[in-house]
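Have the structure open as you read.

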Amino acid sequence: MGKLPPSLRSANFAVNTLIKTPSSSVPHQKIPSPSQPPTSKPHYFPKKSHSPKKKPTSITQQPQLPSIVAFDSTTLSDAKTLFNSLISNPQNVPSDTKFYNSILQSFSSNSTLQDSIFFLNHMIKTHPPFSPDRYTYHVLLIQSCKSVDNSLSPVHQVLNLMTSNGFPPNKVSTDIAVRTLCSSNREEQAIELVKELSSKDSPPDTYTYNFIVRHLCKNRSLSNMNSFIKEMREGFDIKPDLVTYTIMIDNVCNSKNLREATRLLGVLSEEGYKPDCYVFNTIMKGYCMLSQGGEVLSVYKKMQEEGVKPDLVTYNTLIYGLSKSGRVKDAKKFLSVMMEEGHIPDAVTYTSLMNGMCREGDPLGALALLERMEARGCAPNSCTYNTLLHGLCKARLLDKGMELYDVMKKNGMKLETGSYGTFLRALCRNGRVAEAYEVFDYAVESKSLTDVAAYTTLESTLKWLKKAREQGLVI
């Protein structure tokens with residue numbers, strides 16, 4: 001009942017990693033958002049294939065045009081033998097550099113960095129048509145960043161090799177190294193490398209910079225993140241942008257540190273950036289988590305003062321926050337306001353309002369709202385029905401609750417833990433134990449809860465009923 005609806009939550013920040021398979025790519029950097037999040041430009045390595053997947057085969061099994069070479073052995077001598085076998089018939093060897101990069105990547109995934117470098121040199125020497133490109137060396141760069149050596153020596157070795165062969169590290173190289181180091185839980189080395197490359201005229205682009213900030217938000221303290229931002233600003237004149245501040249605000253809001261979020265909002269304005277709808281929605285979401293409806297409304301007013309037009313998520317967050325904090329009357333007003341502004345209420349909007357009405361002891365009013373919701377063409381979801389079922393049972397309107405439950409059962413909707421427990425207690429309180437067992441059976445059959453969770457709730461309810469009967473609280 002008091003949980004934030006899924007559409008108002010931010011998804012956890014995920015650490016982007018480089019997939020080992022030859023056809024992998026660096027996933028897009030995303031910032032989860034209640035509205036339209038800023039997106040980042042992907043760095044591909046190598047280009048993802050859209051051809052049907054085939055089972056990898058070794059050269060010894062299928063010497064003619066294997067799409068991916070899988071090494072039965074990871075020793076350098078065996079790898080050389082396999083490669084020599086592959087190029088023995090030049091007519092059957094692809095000329096695409098990506099093919100040779102995939103061979104190197106396949107070998108490097110299970111070999112040492114030094115052997116991978118030796119193998120690359122062998123490929124170049126024995127097959128002159130193969131000319132390494134930047135992505136060839138990125139294979140080695142990825143491997144060096146995954147090295148068990150906690151120092152950056154292997155990384156420096158590959159970066160020097162790239163430079164000596166005409167491919168000095170660029171922004172993509174920096175991005176790949178940073179993401180791989182961070183995915184290997186080597187944030188300190190990633191920051192050290194970024195500073196080093198920045199001093200050598202190869203600073204991170206905004207996507208890499210914001211990736212580090214986001215990673216620090218997830219894995220380190222606020223002070224660590226602020227220290228990195230300060231050092232990059234003072235040492236290399238690399239400043240946060242709107243996306244950076246959005247990441248930071250989202251992080252402190254999730255930590256319920258709304259004072260810091262407000263401070264960052266001020267800093268953002270001082271830096272010349274205008275907060276967008278996503279930023280305001282994020283801060284509103286933070287106040288919702290603290291059940292501070294008044295502050296949610298204040299953010300909405302400030303949003304209007306700044307000339308930022310609210311979107312559907314803004315109104316959903318506002319209605320949820322007001323309803324949760326007991327200001328249902330105000331929430332109802334904004335239901336009308338959002339429709340006047342051209343936003344069509346969805347299931348989240350109505351469910352949030354119903355939640356507040358049930359909290360105020362008006363489940364019948366919430367039930368009437370359900371009828372209006374359906375009349376307007378908005379289909380209720382499982383959360384809507386569970387909210388109403390919980391409210392009706394808490395208000396001891398069990399017959400209405402049974403009618404609603406029958407509708408849920410007919411439509412195959414799952415029971416949530418809270419409504420399931422409240423429903424069982426209401427049935428047992430009214431001496432309808434057989435129906436409680438039937439609800440238990442449905443919860444298990446529909447996989448609403450795990451068998452253990454469903455049984456545990458039923459068992460505790462029956463124990464409560466026995467004790468209540470002994471005390472004369474129920475008949």
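## The overall picture

Of the contacts in the chain with a separation of 6 or more, 65% are between residues 24 or more positions apart. Keep in mind that this is a predicted model. If you go looking for strands, you'll find 0, but there are 22 helices.

The chain has 475 residues, and 50% of them count as buried. Its accessible surface is about 22800 Å², with 51% of that belonging to carbon and sulfur atoms.

## Inside the core

The largest nonpolar core is made of 126 residues. I103, F119 and Y420 have the most contacts inside it.

What does Y420 touch, once you leave aside its neighbours within four places in sequence? Its contacts are L415, V439, F440, A443, L449, A454, T457 and L458.

Y137 sits in helix 4 (residues 134–145), while F167 is in the loop between helix 5 (153–164) and helix 6 (171–183), so the pair ties together parts 30 residues apart in sequence.

Are the two partners buried or exposed? Y137 is buried, at 4% relative accessible area, whereas F167 counts as partly exposed because its relative accessibility is 21% and the cut-off for buried is under 20%.

Elsewhere, ring pairs join F83, F99, Y100, F107, F119 and F130 into a cluster. You've met F119 already, among the residues with the most contacts inside the largest nonpolar core.

## A charge over a ring

Finally, find F211: R179 lies over its face, 4.6 Å from the ring centre.

Terms used:
Residues numbered from 1 in each chain as written. Predicted model: local features only at pLDDT ≥ 70, side-chain atom pairs only at ≥ 80, totals over all residues. Heavy atoms only, no water. Core = buried A, V, L, I, M, F, W, Y, C linked by side-chain atoms within 4.5 Å. Buried < 20%, exposed > 50% of the residue type's maximum accessible area, 1.4 Å probe, protein only. Contact = heavy atoms within 4.5 Å. Helix = DSSP H or I, 4+ residues; strand = E, 2+ residues; numbered from the N terminus. Areas by Shrake-Rupley, 256 points an atom, 1.4 Å probe, with all protein chains shown as cover. Phe/Tyr/Trp six-rings, centres within 6.5 Å; stacked < 30°, edge-to-face > 60°. Lys NZ or Arg CZ within 6 Å of the ring centre and 35° of its normal.
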